2 protein chains.
Amino acid sequence: MANLWTRQHAGSRNDSVTDLPSYLSGYFDGEGCFTVSIAPRRTLRVRWEVRPSASVSQNADRSEVLDEIQQYFGCGTIRPDPGDKTVKWEVRSLRPLLERVVPHFRQYPLRSSKQQDFERFFEVCELMARGEHLVSAGLIRIATCAQAMNPSGRRRYHIEEILETLNVEMKA
Amino acid sequence: MANLWTRQHAGSRNDSVTDLPSYLSGYFDGEGCFTVSIAPRRTLRVRWEVRPSASVSQNADRSEVLDEIQQYFGCGTIRPDPGDKTVKWEVRSLRPLLERVVPHFRQYPLRSSKQQDFERFFEVCELMARGEHLVSAGLIRIATCAQAMNPSGRRRYHIEEILETLNVEMKA
């Protein structure tokens, strides 16, 4: 009986009552990640580069949904993670983040506290769109947002370090 | 602007266009698990007990969706996992599995290969509803299904071991 059902329905996913955007938000709530990393970049006047990223990782043998996510958003790359057996869909460019990723999550918000990370992420993307990441005051605001995101995540540069170099810059 | 949006929308989740059943299937696709474990039980004639389980684990600080899942399905327990910092929503009783969990995932199927686990899980639940887990032939069929599920998962008893004891039983 189970096999009969499988045969009847497995190939008819397009007839499903599932709402794909809602499904993908749910998937992202479990497996996705919004991050803003800040790394030294000597060629920039503020000496720090802001790198926003929206990503979803999954075991390589269960990565079908990443293909659907890439197709749905129409952006992002899918690459194997060299550190483990996972693959990762990731968008790092500001324009597709602002034009495709952010509007989706405003319409289909996350239902866990990860939504708070999205709101900070959204704020950083908006600030970057106005060029705020290229001036000290804007960078401080962005670094404060980034610091509050994913508190349990790894962080290569802490806000104190960034603020210290900005003060040097500002005093000069 | 981001904060303004947050204030306007954060409290209005009920007005969201999100389809909750689709969202929860997406969440389950990432974080959920269907398992069928088989453990020795001397008091049963076949000497093995079949234990189906549908569960979702999440870090304790992001477990809001587990409450929604429990409310949506109207069954299952939420307990801290003693091994780590996660909490787990889990349904182990056959009746709520068959009456609430299985019908949901037939209507809102998983979109990754985890759907194959669901189909085997569904088959095991149907077999159990017919009492097949209490006779050798049915147990063999169930053990074969269970063996094919979550191939990367831990398994305390392998099918060979179960078959061996059943053969002893059947010869006696």
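Guide: Two strands are said to pair if DSSP finds at least two bridges between them. Please note that this model is predicted. In chain A, strand β1 (residues 32–40) and strand β2 (residues 48–59) pair in the antiparallel sense over 9 bridges.

Visitor: Which residue in β2(A) stands opposite Pro40(A)?

Guide: Trp48(A) in β2(A) is opposite Pro40(A). β2(A) also pairs with strand β4 (residues 86–91) of chain A, in the antiparallel sense and over 6 bridges. There, Ser55(A) has Glu90(A) of β4(A) as its bridge partner.

Visitor: At what angle do helix α2 of chain A and helix α2 of chain B pack?

Guide: The two helices, each formed by residues 20–31 of its chain, pack at an angle of about 35°, and their axes are 6 Å apart. The contact includes Tyr23(A), Leu24(A) and Tyr27(A) of α2(A), and Tyr23(B), Leu24(B) and Tyr27(B) of α2(B). By type, the residues of this contact comprise 6 nonpolar, 8 polar and 4 charged. The crossing of α2(A) with α2(B) is right-handed.

Visitor: How are two copies of a chain related?

Guide: In general, a rotation about an axis and a shift along that axis relate two copies of a chain. Here, chain A is superposed on chain B by a rotation of 180° with 0.0 Å of shift along its axis, at an RMSD of 0.0 Å. This is the relation of a two-fold axis.

Visitor: Why do the copies meet through the same surface?

Guide: They do so because 100% of the interface residues of chain A are also interface residues in chain B.

Technical notes. Residues numbered from 1 in each chain as written. Chains lettered and ligands numbered in written order. Predicted model: local features only at pLDDT ≥ 70, side-chain atom pairs only at ≥ 80, totals over all residues. Axes fitted to C-alpha atoms, helices over the stretch in contact; angles between N-to-C directions. Helix = DSSP H or I, 4+ residues; strand = E, 2+ residues; numbered from the N terminus. Left-handed = near helix turned anticlockwise from the far one by under 90°. Contact = placed C-beta atoms within 7 Å. Nonpolar A, V, L, I, M, F, W, Y, C, P; charged D, E, K, R; others polar. Least-squares fit on C-alpha atoms with pLDDT ≥ 70 in both.
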